[in-house]
Amino acid sequence: MIETGKYLFGAAGASGFGSKSTADEVTENCDLRSTTAIITGATSGIGAETARVLAKRGARLVFPARNVKAAEEAKERIVSEFPETEIVVMELDLSSISSVRSFVADFESLDLPLNLLINNAGRFAHEHAISEDGIEMTFATNYLGHFLLTNMLLKKMIQTAEETGVQGRIVNVTSGIHGWFSGDLIEYLRLISKPKCQFDATRAYALSKLANVLHTKELSSRLQKIGANVTINCVHPGVVRTRLTRDREGLLTDLAFFLASKLLKTVPQAAATTCYVATNPRLVNVSGKYFTDCNETTASGLGTNSSEATKLWAASEILVTQHSKAGFNPFS
């Protein structure tokens with residue numbers, strides 16, 4: 001009850017910010033003119049606001065996007081507001097392993113540094129679909145593509161941190177819905193990655209968001225073991241009406257959002273936690289943590305399970321190396 005009250009009134013936590021803080025406010029004293037950031041899902045919603053605010057603070061931005069036209073339009077909007085901003089638009093379909101590999105090769109050819117990676121893109125698909133690699137589409141887009149993207153960009157991030165002395169940061173955008181998932185992660189993924197199955201869109205989304213949390217935990221441990229000057233944290237942005245629900249438009253969705261309107265954040269408020277974790281100097285050396293409303297909090301029991309994180313990592317490594325269209329079989 002107390003936490004609900006704090007949320008509704010926007011009471012500040014230990015960070016000095018709360019649920020009503022905006023991305024502009026949490027980055028007010030940031031100078032990002034020496035920062036290069038990759039932001040997935042930057043064409044609309046939380047990702048677009050995150051990109052706008054980082055551009056305002058001087059960052060060079062890279063927009064990987066499946067819809068290049070939409071990314072170019074997002075770039076134009078930002079450049080019209082901040083003409084000095086450098087933005088590179090590149091093609092990337094996160095649901096495709098080959099597309100992720102192609103994007104990383106193209107990015108490396110630009111010979112740019114990389115200080116900040118924000119894994120923001122996400123989808124909530126109502127209809128069941130399988131990716132070209134044989135993986136359920138929500139999981140492939142929200143988690144597996146980001147898993148591979150992050151792993152392939154780590155060398156560049158570690159190198160940039162060594163050369164500049166500035167700690168690199170990775171931010172995974174997850175959701176409080178990750179706590180809705182229970183059961184065996186790998187077995188459920190195996191089930192929904194079949195062409196025909198009993199598909200629960202909400203549970204599939206919760207699985208993908210739990211995977212983001214576990215990825216954060218496991219990668220943080222691995223980065224610390226090798227002494228890399230790169231951190232990774234995950235954030236729950238809060239409840240906000242964005243294009244994430246584009247596959248679930250209709251009377252029931254509209255009614256639900258109307259009834260929940262007092263709890264909804266604006267897009268600038270929803271982008272605040274991402275921007276805070278990506279830029280705030282108080283978070284140097286803070287890694288493997290879960291943030292909501294710009295303050296550290298605790299993920300679900302399953303989300304803090306180290307053995308589950310290690311198990312998911314092992315399965316993910318197999319999934320991104322198996323042949324395209326081979327179907328889901330991480331332990332064959």
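# Reading a sheet and its helices

Reply: Among contacts in the chain between residues at least 6 apart in sequence, 77% join residues at least 24 apart; contact means heavy atoms within 4.5 Å. This is a predicted model, in which local features need pLDDT of at least 70 and side-chain atom pairs count only at pLDDT 80 or more, while totals for chains, interfaces and linings use all residues. Residues are numbered from 1 along each chain as its sequence is written, and side-chain values use heavy atoms, with hydrogens and water left out.

Me: How many helices and strands does the chain have?

Reply: Helices (H or I, at least four residues) and strands (E, at least two) are DSSP runs, numbered from the N terminus. Here the chain has 12 helices and 8 strands.

Me: In what order do the strands of the sheet lie?

Reply: Two strands pair if DSSP finds at least two bridges between them. The open sheet of 8 strands reads S3-S2-S1-S4-S5-S6-S7-S8, with mixed pairing. Its edge strands, each pairing on one side only, are S3 (87–91) and S8 (295–297). Neighbouring strands are turned by 25 degrees against each other on average, direction ignored.

Me: Which strands does S4 pair with, and in what sense?

Reply: Strand S1 (residues 36–39) runs parallel to S4, joined by 3 bridges, and Ala37 stands opposite Leu116 in S4. S4 also pairs with strand S5 (residues 168–173) in the parallel sense, over 4 bridges; there Asn119 stands opposite Asn172. Strand S1 is in turn joined to strand S2 (residues 60–65) by 3 bridges, again parallel, with Ala37 opposite Leu61.

Me: Which way do the side chains of S4 point?

Reply: In a regular strand the side chains alternate between the two faces of the sheet. In S4 (residues 116–119), Leu116 and Ile118 point one way, Leu117 and Asn119 the other, and all are buried. Buried means under 20% relative accessible area, exposed over 50%, and partly exposed in between (1.4 Å probe, protein chains only). Over the chain, buried residues make up 54% of the 332 residues.

Me: What unit do S4, H6 and S5 make?

Reply: A crossover is right-handed if, with the strands pointing away from the viewer, the path from the first strand over the helix to the second runs clockwise. S4, helix H6 (residues 137–164) and S5 make a right-handed β-α-β unit.

Me: How do H5 and H6 cross?

Reply: Two packed helices are described by the angle between their axes and the distance between the axes. Axes are lines fitted to C-alpha atoms, for helices over the stretch in contact, and angles run from 0 to 180 degrees between N-to-C directions. The axes of H5 (residues 97–109) and H6 come within 9 Å and cross at roughly 25 degrees. Residues making the contact include Phe103 and Phe107 of H5 and Leu149 and Met152 of H6.

Me: Which strands does H5 lie across?

Reply: H5 lies across S1, S2 and S3, running at about 145 degrees to S3.

Me: Is Cys294, with its positive phi, buried or exposed?

Reply: Cys294 is not a glycine, yet its phi is about 65 degrees. Cys294 sits in the loop between S7 and S8 and counts as buried because its relative accessibility is 1%.
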